[in-house]
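Dear colleague,

Please find below the structure for your files. A written account of the findings follows it.

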Amino acid sequence: GDGCGHTVLGPESGTLASINYPQTSPNSTVCEWEIRVKPGQRVQLKFGDFDIDGSDSCHSSYLRVHNGIGPTRTEIGKYCGFGFQMDGLIKSRSNEVTVQFMSGIHTSGRGFLASYSTTDKSDLITCLDIASHFSEPEFNKYCPAGCVIPFADVSGTIPHGYRDSSSLCMAGVHAGVVSNTLGGQINVVISKGIPYYEGSLANNVTSKVGPLSTSLFTFKTSGCYGTLGMESRVIPDSHITASSILEWSDQAGQVNIWKPANARLKRPGPPWAAFISDEHQWLQIDLNKDKRITGIITTGSTLPEYYYYVSAYRILYSDDAQKWTVYREPGIDKDKIFQGNTECYQEVRNNFIPPIIARFFRINPLKWHQKIAMKVELLGCQFSIGRAPKITVPPTPQNDDNDFSDDVINSVKTSLQTDKTTFTPEIKNTTVTPSVTKDVALAAVLVPVLVMVFTTLILILVCAWHWRNRKKKTEGTYDLPYWDRAGWWKGMKQFLPTKSAEHEETPVRYSGSEIGRLRPREVPTMLQTESAEYAQPLVGGVVSTLHQRSTFKPEEGKEASYADLDPYNSPIQEVYHAYAEPLPITGPEYATPIIMDMSSHPSTPLSSISTFKAAGNQAPPLAGTYNKLLSRTESSSSAQALYDTPKGQPGPGAADELVYQVPQSMPQSTGSKDK
């Protein structure tokens, strides 16, 4: 009839509207739509807008819905009224429905817009639904075919998002999520709005620039929209070919070649251009192996002085570059013509629903401005499909059992037929097999667990090592726990003074070569020791066992005598100490008696090099290679002591002379004799 408006009738869904919608419909018009879906399914109808004059009780202006087509159809309902709101869906009892619109004499009324689908699409919406109609932060809806309508607005683009006032289904077509010819399911996510929304041209939908909004929406997709290598040069120049190449010389005589390798999106400089501008030109891209191609982006020359671009084109694809297939949408028996550029700068995107699975991709320009020139980028992802296991036919038994052989052959034939039906285009459209998904999920769980376990073990080892080193540092050489050990204590007894009942002479040896290098007057100075906070045990030279606790100073107020076996032993002090107590600051320091080996200097008088005083002017006798000290003097008044005086005390002529303990003797070497 003459009252039909926007109409798209798809195999599973579609959209229909009255003439001149959303303006006032003309008088005395009629239109009838016949809708068919697959046998065994039913049709459901939903109105997005309904505004028909009902002043005469649906007598001259109305919308009538019939179950079935033709003379046998039966009426489901008759509807009219201004701003009529219909809750729910109108469902048929068969797979065929007739919709009849009648417009009589009226002064107002927009008419109607409705969408339909099969009854298994329970979440059907219309082309007029916008994101602000739904309060959920995330939801799934089914968009019917035919939602690219001139009276709906879209603001925004991917990946930034679309303004909440945009038509959901029309934005889905612009984003490449659903097809305008087929419709499809959309997964919508609501988020906070942005101050500015860009505009772009994609899939024959022009989105407008939009202002600030409180919220926006985006779509969840499979993620197969990455670039395939034109801009990034993953695709080499040798894999980009063309039917012809434009070559020309400019006014300066320089030759310009607009070769196919120039057809890379966002590449500065000239594009690819055909030498001849006709419908037989093409640009071909070899992807090296089968890829899942989901879209294409094109521009013109991008040069203001050469305003060339392609405004419409076809797509062909092949697996061997010999047999080519023209891209068509499912259920459509004619080639799909893609809208190209409207000027030479803007990027225009077109998506393939369903995707193309191929290695060789060819663009065939059909319309252009001045000359055929373009830059392109392909969108998609890697394509992989598991191969069916190789079937091994068991050897036929050598007997007359034909039934068994027939069963084996039939089973093999069945398996082969199943394998053939497995590799269909529908299976190629899948992205990830279930087994791969399970492996990815298992790896996502195991990897963090293993990392945590190894990290814990490393921390335990580091802490144990740190604790052990810290314990070693706190337990020094003089710690009491180690002194109490019997083995260590026995080894240290030789360095500690011990009490001896027999006062034997203890010779102390020094190297004659070291003493020989010193002058006689430098020997006493060399052998003097610096004052220390604690009395030092006698460890110089070869020293035998000394008296125990002999490093303690004498008790105050008690004069040392030769009758005392241990002048340092204090009857009051009963507590045993592991090392010497500190001497008082004012207490005297005592020089250590030293016997030196003078065998290498027989002519040197002992009185000139010895730090001990001799009785009178007589030199001490020599015994072999050792100097010998008298054990004790019998008279302190008649003869001076053979020991040196303490530091800081009066000289040899002092009246009160201190007497020191005679060093204990040790066995003399076997080669020495007394003279």
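Predicted model: local features only at pLDDT ≥ 70, side-chain atom pairs only at ≥ 80, totals over all residues.

In strand β8, Val97 is the bridge partner of Asn67. This contact belongs to the pairing of β5 (residues 62–67) with β8 (residues 96–103), which is antiparallel and comprises six bridges. Helices (H or I, at least four residues) and strands (E, at least two) are DSSP runs numbered from the N terminus, and two strands pair if DSSP finds at least two bridges between them.

Residues are numbered from 1 along each chain as its sequence is written, and side-chain values use heavy atoms, with hydrogens and water left out.

The sheets

Strands β5 and β8 are part of an open, antiparallel sheet of four strands, ordered β3-β8-β5-β6. Its edges are formed by β3 (29–36) and β6 (74–79), each of which pairs on one side only. On average, neighbouring strands of this sheet are turned by 15° against each other, direction ignored; the axes are lines fitted to C-alpha atoms, and angles run from 0 to 180 degrees between N-to-C directions.

A further open sheet has five strands in the order β1-β2-β9-β4-β7, again with antiparallel pairing. Strands β1 (4–9) and β7 (90–91) stand at its edges with a single partner strand each, so one side of each has no neighbour in the sheet. Strand β1 is joined to β2 (residues 13–18) by four bridges, and the two run antiparallel. Within this pairing, Thr7 has Leu16 in β2 as its bridge partner.

Aromatic residues and charges

The structure holds 21 aromatic pairs. Rings of Phe, Tyr and Trp (its six-membered ring) pair if their centres lie within 6.5 Å; planes under 30 degrees apart count as stacked, over 60 as edge-to-face and the rest as tilted.

One of these pairs is Tyr327 with Phe338, which is tilted, at 5.8 Å centre to centre and 35° between the planes. Tyr327 lies in the loop between β24 (325–326) and β25 (338–339), whereas Phe338 is in strand β25, 11 residues apart. Both Tyr327 and Phe338 are buried (under 20% relative accessible area; exposed is over 50%, partly exposed in between, with a 1.4 Å probe and protein chains only).

Tyr327 also forms a tilted pair with Phe352, at 5.4 Å centre to centre and 55° between the planes. Phe352 belongs to strand β26 (residues 348–369), and this pair spans 25 residues. Tyr327 counts as buried because its relative accessibility is 4%, and Phe352 is buried with a relative accessible area of 2%.

Elsewhere, one aromatic cluster is made up of Trp33, Phe47, Phe50, Tyr79, Phe101 and Phe112.

Two charged side chains lie over rings. Lys78 is over the face of Tyr62, 4.3 Å from the ring centre, and the charged end of Arg362 sits over the ring of Trp282, at 3.9 Å from its centre. The criterion is NZ of Lys or CZ of Arg within 6 Å of the ring centre and within 35 degrees of the ring normal.

The chain as a whole

The protein chain contains nine helices and 29 strands. Of its 675 residues, 37% count as buried.

Yours sincerely
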